[in-house]
Amino acid sequence: MGRPGLIAERLVALFAAGWLLLNYPLLALFGRLGTVAGIPALYLYLFVAWALLIAGIALALGRDADDGR
Amino acid sequence: MGGMLDGWQIALASACYLGLLFAIAFHADRRAAAGASLIGHPAIYALSLAVYASSWTFYGSVGRAAVDGIGFFPVYLGPTLMAALWWIVLRKMIAVSKANRITSIADFIASRYGKSALLGGLATLVAVVGIVPYIALQLKAVSSSLALLQSFPGPLPPTGPVWSDAGLHVALLLAAFTILFGARHLDAAERHEGMVAAVAFESVVKLCAFLAVGLYVGYGMYDGLGALFARAAEQPALQALTRPGAGASQGGWAWLTLLSMLSILLLPRQFQIAVVENVSVRHVRCASWLLPLYLLAINLFVLPIAFAGLMRFPDAHANADLFVLTLPLAGHQPALALLVFIGGLSAATGMVIVETTALSTMVCNDLAMPLLLRLGFFRLAARADLSALLLRIRRMAIVALMSLGYVYSRAAGEAYALMAIGLISFAAVAQFAPAVLGGLYWRRGNRNGALLGLAAGFLVWLYTLLLPSFARSGWLPASFLDPGPYGQAWLRPYALFGLDGMDPVSHAMFWSMLVNCLAYVGVSLLSRQDAIGQVQAQRFVDPAHGGTSAWGGAAPAEAMLALVGRVLGPAAAQNLRRQHQHASPGMLMHEAEMALAGAMGAASARVMARSVLRKESLAADDMLALLDESVQAIAHSRELEQKSIELERASAELRAANQQLTELDRMKDDFLATVTHELRTPLTSIRAFSEILRDHPDLPAQKRAAYLDIIIRESERLTRLINDVLDLAKLDAGRAEWHAETLDLAQVVRDALEASGQVLRDKAVALEVDLPPAAPPVRADRDRLMQVMLNLLSNAAKFCSPQTGRIAVSLRREGDALQVAVIDNGPGVRPEDRELIFDKFRQGGDTLTGKPQGTGLGLPISRRIVNHFGGRLWLEDAPGGGARFLFTLPLDAAPQTAPTSPLESPP
């Protein structure tokens with residue numbers, strides 16, 4: 001960890017993945033699933049994917065992501 | 001009123017809350033002044049960034065969800081996606097902005113594109129037109145929620161007269177707060193710690209309030225979210241809201257995500273908090289995940305609240321915006337309702353305060369100041385304290401913006417224009433995207449491109465979003481929307497050129513971004529960038545290798561520091577001087593300009609700096625000319641060019657000096673070799689004749705006398721040679737003793753002639769003398785001059801024709817000098833030898849075969865003597881063959897002012 005170039009690439013990959021995961025047509029797919037544990041599947045999926053994206057950002061920028069360089 | 005909450009309770013709670021805000025801001029400002037910042041934690045930075053969630057989020061999300069289901073998500077997913085890129089984009093933006101003392105998003109754009117005042121003004125205009133309605137929306141939200149709180153369960157009362165309107169009171173209070181914490185004093189860094197602390201606190205309050213009402217709805221009204229959704233699933237209308245929308249809204253999802261991505265970066269309030277108020281660039285790391293987490297949390301219960309509201313009030317779709325407040329009220333939870341109201345107040349005030357501060361900075365720095373400078377409204381020389389003027393403009397801008405927002409909210413009422421304005425504002429600031437992002441990463445992006453792109457994008461936005469919203473509010477005829485202006489279907493603002501099937505925001509984004517990007521890229525590629533634009537492009541795109549300043553070495557840094565003193569206070573100027581003690585005037589000038597830029601914007605600071613350069617305040621036309629920056633940057637490049645030329649010249653000089661040294665070294669070797677040779681010749685003959693005398697004691701007396709004569713003559717020659725060598729060495733080393741006096745050169749010549757009389761008579765030389773009885777005085781050493789004259793005379797005697805020898809000596813005045821000529825009728829000196837004979841040991845004729853007749857040092861010594869007294873010694877052709885030696889001596893410049901005879905000075 002710690003190489004600024006690597007961090008930047010990971011973040012761009014996260015951005016691309018997030019854009020694809022949190023967009024149509026994937027959302028339409030989940031829209032057809034009905035409910036999961038009583039909660040609308042699409043609604044649930046959106047929050048889960050969103051949370052995963054945030055976790056990904058936090059991990060990519062882990063504690064020793066060096067800002068100083 | 002009849003509500004369950006008394007008016008005084010609400011008023012007291014609001015007053016206490018606002019008082020708390022004031023206290024926090026005041027405390028944070030005090031701590032900042034004491035150097036113990038309260039906002040140095042990354043979490044505070046992330047929380048203050050949550051100013052993104054305005055009352056449009058707090059109340060509006062639920063309203064949107066009640067109509068559109070999951071359609072509110074992209075507004076918060078966009079910022080999350082952008083946050084993933086913050087570490088790359090925002091950090092660079094912060095670094096560049098700190099290096100250039102950027103004060104606002106308009107300032108950023110103006111500074112990037114050659115400190116263009118025109119571009120800064122346009123960006124400010126776009127921001128104000130786009131954002132003022134958004135401020136109106138916040139004020140409207142406060143007054144609506146207040147009205148609901150007081151009147152529930154009755155219907156909302158009609159809007160009362162202006163003076164009793166809570167919206168007005170809130171606007172006035174917010175104006176006071178903003179002036180107090182956003183424009184109290186002029187700061188070179190343009191940071192407002194009190195404001196940031198208050199906004200961060202408000203973010204906590206609004207999140208808590210929203211989560212509280214969400215928990216109440218989910219677990220108080222229903223048995224958990226599952227139960228809530230199960231109940232909702234019984235209603236097909238609600239069921240539909242959990243499904244993806246139709247095709248159009250699917251395309252709209254991506255556009256909305258993109259729009260919010262850009263907004264979190266480009267909204268004036270976001271730029272203010274994220275960039276201008278940023279304490280440390282390290283905080284970006286934490287904020288990149290903490291802010292998205294905040295947005296996720298505040299959206300958790302949006303859909304449940306919307307569903308609960310729709311189920312509880314099946315006929316109240318119109319007021320879905322206020323479900324957050326209505327549900328606790330309907331559930332007889334006055335305390336919760338009050339908390340929600342305070343949360344909504346937090347969301348609205350936070351947004352209004354930061355946005356107004358950012359906009360007022362822009363209006364002051366990028367609109368008012370350049371305009372005033374252009375109009376020649378004030379002259380630098382006449383204004384002692386510019387900071388007061390700047391602050392007054394800023395405060396006036398705050399009041400004006402707040403009034404504008406309030407008037408707009410009154411005029412709009414319940415109109416569509418107000419409810420839709422959130423996204424319309426987003427789309428307005430999205431027009432900054434090509435100029436800002438392109439400006440950060442694309443060096444070739446230039447002023448003309450940014451200007452045209454922004455203007456075109458803004459006009460398209462105006463036509464496809466703002467004007468239609470007016471039409472839907474009834475301020476424009478409905479025919480504007482359909483069948484289109486002048487009945488032209490292809491001009492329909494929601495389906496330009498027949499492009500239908502998109503929702504209005506996506507449609508507007510598509511067209512405005514299309515023309516904006518095309519114009520920006522196209523014009524940038526087709527037009528040239530001026531010099532200052534190139535310097536700024538370098539500073540923004542590649543900050544590590546950016547040029548520092550376009551100020552030359554002769555910059556009037558002191559005058560500039562004086563100006564800094566007048567704007568930011570004498571202490572700031574002193575600080576600057578101390579920090580850059582060893583900087584060149586150009587660097588100091590640059591630092592001073594940067595300090596000014598922090599207070600009044602890049603474009604205005606540049607104009608001020610240029611006016612200092614011209615030493616005084618300028619007329620309007622001159623100011624206009626000053627806005628063209630190219631001259632200064634060209635001077636910069638010219639300076640660089642000049643430096644490289646100087647460097648070249650210095651290295652050439654070094655080369656020449658080196659060559660000269662080598663030459664001197666060679667000459668020294670030659671000299672030593674010649675001296676050795678010259679010494680050996682007489683020594684050899686002395687030794688040879690001495691040996692003859694020793695080995696042949698029986699030599700006849702006559703021969704012996706002759707040999708002894710030779711020995712004596714050679715010894716004399718040796719002595720003379722050694723004396724001359726020593727003399728020359730002394731002259732060359734500058735250690736010769738000089739006894740300069742004022743003397744009559746004619747007398748010296750006469751003395752010399754007399755001294756050489758015997759030699760001349762021996763050779764039977766005819767002498768022609770042409771001397772004036774008395775010559776004007778010269779200043780020289782008498783003995784040394786005698787030496788020169790004797791040398792020239794003996795030379796002439798040596799070389800003149802053996803039998804018919806003739807020497808002419810003359811003295812004439814030539815301008816400011818006396819000229820002595822010694823002419824002989826000998827063989828003369830070949831033109832190519834005329835300078836050589838002044839070299840050491842060079843003699844006329846062939847020195848190898850002919851018998852040497854002198855030391856070869858007389859002429860070099862004579863030339864050095866004459867040169868020492870400012871004269872010149874050279875050789876010319878005599879009229880009838882032969883040599884003509886000439887030397888000049890300058891007249892004594894001030895014979896009358898000799899200190900010994902002050903009385904003789906002319907009256």
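Here are some questions and answers about this predicted model.

Student: How are residues, chains and ligands labelled, and what does a predicted model require of pLDDT?
Tutor: Residues count from 1 along each chain as its sequence is written, while chains are lettered from A and ligands numbered from 1 in the order in which they are written. In this predicted model, totals for chains, interfaces and linings use all residues, side-chain atom pairs count only at pLDDT 80 or more, and local features need pLDDT of at least 70.

Student: In what order do the elements of chain A run from the N terminus on?
Tutor: Helices here are DSSP runs of H or I with at least four residues, and strands are runs of E with at least two, numbered from the N terminus. Chain A has three helices and two strands. From the N terminus on, their order is α-α-β-β-α.

Student: What percentage of the 69 residues in chain A is buried?
Tutor: A residue is buried if 20 or more other C-beta atoms lie within 10 Å of its own, exposed if 12 or fewer, and partly exposed in between, with C-beta atoms placed from the backbone. For the 69 residues in chain A, the buried share is 30%.

Student: How many residues of chain A are in contact with chain B?
Tutor: Two residues are in contact if their C-beta atoms, placed from the backbone, lie within 7 Å. On the side of chain B that touches chain A, α5, α11, α13 and α15 of chain B each give two or more residues. Chain B brings 30 residues to this contact, and the number from chain A is 31.

Student: Are α14(B) and α18(B) roughly parallel or roughly perpendicular?
Tutor: Axes are lines fitted to C-alpha atoms, for helices over the stretch in contact, and angles run from 0 to 180 degrees between N-to-C directions. Under 35 degrees counts as roughly parallel, over 145 as roughly antiparallel, 65 to 115 as roughly perpendicular and the rest as oblique. The axes of α14 and α18 of chain B come within 8 Å and cross at roughly 90 degrees. The two helices are therefore roughly perpendicular.

Student: Is B:S794 buried or partly exposed?
Tutor: You can find B:S794 in helix α35 of chain B, residues 782–799. Leaving out residues up to four places away in sequence, B:S794 touches B:S756 and B:V759. Because B:S794 has 16 C-beta neighbours inside 10 Å, B:S794 counts as partly exposed.

Student: Which residues of helix α33 of chain B are buried?
Tutor: Look along residues 745–755, which form α33 of chain B. What covers the buried residues of α33(B) includes β1, β3 and α35 of chain B. The buried residues are B:L745, B:V748, B:V749 and B:A752.
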